[in-house]
Amino acid sequence: MITAMAAFAVEDALVKAVSHHLPVGQILTLFGMGGATIFAAIAHRQGDALLTPDVLSTAMKIRVLFEITGRLFYILALALIPLATATVILQATPLVVVASAALIFGERVGWRRWAAIGIGLAGVLIILRPGTEGFSPLSILAVIGMFGFAGRDLASRAAPRSLSTAILGLYGFLALAAAGLMFSLWQGQAFRLPDGPATLLMTGAILVGLCAYSSLMKAMRTGDVSAVTPFRYTRLLFGVALGLMFFDEKLTTNMLIGSALVVLSGLFILWRGKQRGD
């Protein structure tokens, strides 16, 4: 999970950089096709069947919908708001995943962890500052993306065990490419021929994204969800550091306080998950 979070942070930075060169719809399409091609090659090499009845299962269909939602809105957020802000908001994903795992999969979550989830979500509200002059409606894009990613992770947990990580990645990235095409048609913005810097940034984002995606799927399909997901918070450190170093972003007091609440809640959830009698 930590490897996945570090790679995702680098991917976010590369996508944000390439958004200055290419339309969002084109980024989604190129990213999706590049990832799908590589995962298809990996699946073929492993001898995995690319199309089976399990691919059309209800869990996979739900997963595709959440994948499209998460990717589309989060990439929009990366293009329109600071990287550090988008990264911090995304850290609420484990809270949603743990709460949903208890409700859907029956995983044990006691009142202390429920309280921690509430405190973590309060931290997100402190970061967003709804109802104040500092509130940016564009931040809602990151919130929607966060819910999409949480749903995707839970659907991955419910996906048939016969489907390998490569197959999950293949259809996840195909869904992303389809979302990019649909968004481009809706936006009415034509694709552009990538220049040298854009090509390098997109290639790097795809390769790093594949590493991140594979690591995440392995993590989410192994062990207890409520124990694994808190390690997502390491993405905050990587993402904020990249935002400060490469995009000249600033940290506000609200962001620091909210981030502290979210991280401390996640660490507490991890600790309580290992205790008896939660």
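A: A residue is called buried if its relative accessible area is under 20%, and exposed if that area is over 50%; between these limits it is partly exposed. The model discussed here is predicted. Its chain has a mean pLDDT of 84, and 95% of the residues reach 70 or more. Confidence is highest in helix H1 (residues 2-18), at a mean of 92, and lowest in helix H10 (residues 225-228), at 68. Where pLDDT is low, the predicted coordinates should not be read in detail.

The aromatic pairs come next. A pair of aromatic rings is described by the distance of the centres and the angle of the planes. Four such pairs are found when the whole structure is searched. In one of them, the ring centres of Phe39 and Phe173 are 5.7 Å apart and the planes meet at 35°, so this pair is classed as tilted. The two residues are 134 positions apart and connect distant parts of the chain, as Phe39 belongs to helix H2 (residues 24-46) and Phe173 to helix H8 (residues 165-187). Phe39 has a relative accessible area of 2%, so it counts as buried. Phe173 is also buried, because its relative accessibility is 2%.

A further pair is formed by Tyr74 and Phe149, with 5.8 Å from centre to centre and 70° between the planes, an edge-to-face arrangement. This pair too links distant parts of the chain: Tyr74 is in helix H3 (residues 58-80), while Phe149 is in helix H7 (residues 139-158), 75 residues away. Both Tyr74 and Phe149 are buried.

Phe39 and Phe173 also belong, together with Phe31, to one aromatic cluster. In soluble globular proteins, nonpolar side chains tend to be buried together.

Leaving aside residues up to four places away in sequence, Phe66 touches Phe147, Gly148, Gly151 and Arg152. Although Phe66 and Arg152 are 86 residues apart along the chain, their C-alpha atoms are separated by 5.1 Å.

Finally, an aromatic ring may also face a charged group. Lys16 lies over the face of Phe247, at 5.9 Å from the ring centre.

Key
Residues numbered from 1 in each chain as written. Predicted model: local features only at pLDDT ≥ 70, side-chain atom pairs only at ≥ 80, totals over all residues. Heavy atoms only, no water. Phe/Tyr/Trp six-rings, centres within 6.5 Å; stacked < 30°, edge-to-face > 60°. Helix = DSSP H or I, 4+ residues; strand = E, 2+ residues; numbered from the N terminus. Buried < 20%, exposed > 50% of the residue type's maximum accessible area, 1.4 Å probe, protein only. Lys NZ or Arg CZ within 6 Å of the ring centre and 35° of its normal. pLDDT = per-residue confidence, 0-100. Contact = heavy atoms within 4.5 Å.
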